[in-house]
Amino acid sequence: MKKQKVVVTGAGIGGLTASIYLAMKGYDVTILEKNSYPGGRCASFEKEGHRFDIGATLLMMPEIYRRMYKDFGTSMEDELDLYRMDPVYSLRYANGKELLFSSDLAEMQMQLEKFEQGCYPRFLEYMQESYHSYLLSMKRIIDVNYYNIFDFINYKNIRMLHKTKAFCNHYRRSVNYFTSEELRIAFTFQNIYVGQNPYRASAIFAMLPFLELTEGVWYPRGGMHAIVESLVSIAKSYGVEFSYKSEISSIEVAGNRVAGVRLQDGQVEKADIVVSNADLPYVYNELLPESRYVSKLNRLKYTCSALVFYWGMDRDFPGIKQHNVFVSKDYRKNIEGVFNGDDVSYDPSFYLHSPVKSDPTAAPDGQASVSIIIPLDYLRQGKEYDWDRIRDENRKAVFRRLEQEGIRDFEKHIKFESAYLPVTWKSVFNLSRGAIFGSLSHDLMQMGYFRPHNRHRKYKNLFFAGGSTHPGNGVPMAILSGKLVAEKIQKFYPSKQPFADARK
Ligand SMILES: Cc1cc2nc3c(=O)[nH]c(=O)nc-3n(C[C@H](O)[C@H](O)[C@H](O)COP(=O)(O)OP(=O)(O)OC[C@H]3O[C@@H](n4cnc5c(N)ncnc54)[C@H](O)[C@@H]3O)c2cc1C
């Protein structure tokens, strides 16, 4: 019997995982990817022996990866050579203090009490509460498919949202546990991982620091791209076909169905089912016929963007760890400004990643490959930006801050630089408004059933996988999105050839 043909547009994490789950179930899957490489925001690039993760640098929630690899008939240990980070990261405040976030509880107690004597029991209480939030949210909101609104809005879920403090403000909740501003920042800044303002986000996100400390933060030798490489190889072994430099210019519709996709060169690839891994608002705006839903999508909230520098260094700096967060002097003003669309702050908070600390393969011997992530507002329509100035002033601000931290002459040791601005994210990966963490924000009213669905309402054989649909941003969530959409496809269009033959 002929297999159903699935075309997946985009070889990001969501597209790759959906493809494997589907190929394993007997669908005939082809991935069409715009760029010449797979991975999207989890890709990497190399220059002069230096390797850089383009986007993701932290492997969090390893249990989700473990389960995925098991589902694919292999194991995380066989596919990835992982290091557990300890300290998870160094948080450096402008007043010269440093907090080493550690999953070793005795060390963590010592670190926390440097800031607030006697806060350790409150920290444990906070972590315990976050643990319950995490378990409940995974079971009831994150790792589930929604088929109607009552799957989301029901007595059990409302009770769960109440229990997980989803209706409370994250920063204000941290105030109940910590008196020092430094610790409040330390337990809320993780909202930025999902492109959110910690001062406005729901307290449900308290699960992020909890997960960092319990399940840990890991790093694969070979960089985050090692995950992508393993997925590509598994996909190929199940017969998934890849076509790179194949940008889709439209999704072809016929009545209430989609018939395939049109590539930029005009060629049409027919399909029984299309899974779009490209950013969802971009797909509705650019690839599908006009609809009323587009104006609704355009009114939703978007996550922030970022300026990312990639620096090939001729030496390593012992004063920095693998993951470092530099908190600016006026952190609140800086962060609120990013999310309010204020003018760019030239005293930014930033994150510095130096993978050679655990993975010497990231740079030539004795050298380093450093990336810096500076959160910036997403691109506002009609606003003019002086990108040269934004890049130059931010670069100078980073050097100034490193100098203050005793990390001297950093600039002199840079051999070469690459940089991704919000406009770069938009053009390289087709991310709406250059918003890199979603692109849609993770407000309560944009989560669960309220997040754009992974099945199109009108074109029933069009599905979505990736950070802008359910459950949301981050590599683990994109993995789940691939799994959930494959489950939905099997429910509505069961495979005519239920089980794939053995891996090739
Ligand atoms: C700077 C940064 C840091 C991050 N840090 C972390 C981290 O530490 N840990 C973590 O877990 N997550 C992190 N993330 C988030 C994580 O990288 C993403 O959530 C995840 O990789 C998104 O996967 P996705 O499936 O949504 O697709 P994407 O990565 O967006 O991939 C979509 C693919 O579709 C392709 N595409 C787009 N349009 C078309 C078209 N018309 N035709 C064909 N192909 C098309 C794109 O080229 C792309 O390859 C970070 C992201 C960024 C940007």
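A crossing is left-handed if the near helix is turned anticlockwise from the far one by less than a right angle, and right-handed if clockwise. Keep that in mind for the two helix pairs below, after a look at how the model was made. This is a predicted model, in which local features need pLDDT of at least 70 and side-chain atom pairs count only at pLDDT 80 or more, while totals for chains, interfaces and linings use all residues. Residues are numbered from 1 along each chain as its sequence is written. Helices (H or I, at least four residues) and strands (E, at least two) are DSSP runs, numbered from the N terminus.

**Helix 11 with helix 12**

- Helix 11 (residues 280-287) packs against helix 12 (residues 292-299) at about 140 degrees, and their axes are 10 Å apart; axes are lines fitted to C-alpha atoms, for helices over the stretch in contact, and angles run from 0 to 180 degrees between N-to-C directions.
- That angle makes helix 11 oblique to helix 12, since angles under 35 degrees count as roughly parallel, over 145 as roughly antiparallel, 65 to 115 as roughly perpendicular and the rest as oblique.
- The crossing of helix 11 and helix 12 is left-handed.
- Pro281, Tyr284 and Asn285 of helix 11 make the contact with Tyr293, Val294 and Leu297 of helix 12 (in contact: C-beta atoms, placed from the backbone, within 7 Å).
- These contact residues divide into five nonpolar, one polar and no charged (Ala, Val, Leu, Ile, Met, Phe, Trp, Tyr, Cys and Pro count as nonpolar, Asp, Glu, Lys and Arg as charged, and the others, Gly among them, as polar).

**Helix 1 with helix 10**

- The axes of helix 1 (residues 13-24) and helix 10 (residues 225-237) come within 9 Å and cross at roughly 25 degrees, so helix 1 is roughly parallel to helix 10.
- This crossing, too, is left-handed.
- From helix 1, Leu16, Thr17, Ser19, Ile20 and Ala23 meet Leu231, Val232, Ile234 and Ala235 of helix 10, a contact of seven nonpolar, two polar and no charged residues.

**Helix 5 and Ser130**

- Helix 5 (residues 120-142) bends by about 30 degrees at Leu136 (the angle between axes fitted to the seven residues ending there and the seven starting there).
- Ser130 sits in helix 5 and counts as buried because it has 25 C-beta neighbours inside 10 Å (buried: 20 or more other C-beta atoms within 10 Å of its own; exposed: 12 or fewer; partly exposed: in between; C-beta atoms are placed from the backbone).
- Other buried residues of helix 5 include Phe123, Tyr126 and Leu136, and the cover over its buried residues includes helix 4 (105-113) and helix 9 (207-214).
- Leaving out residues up to four places away in sequence, Ser130 touches Ala206, Met207 and Phe210.

Notes
Two residues are in contact if their C-beta atoms, placed from the backbone, lie within 7 Å.
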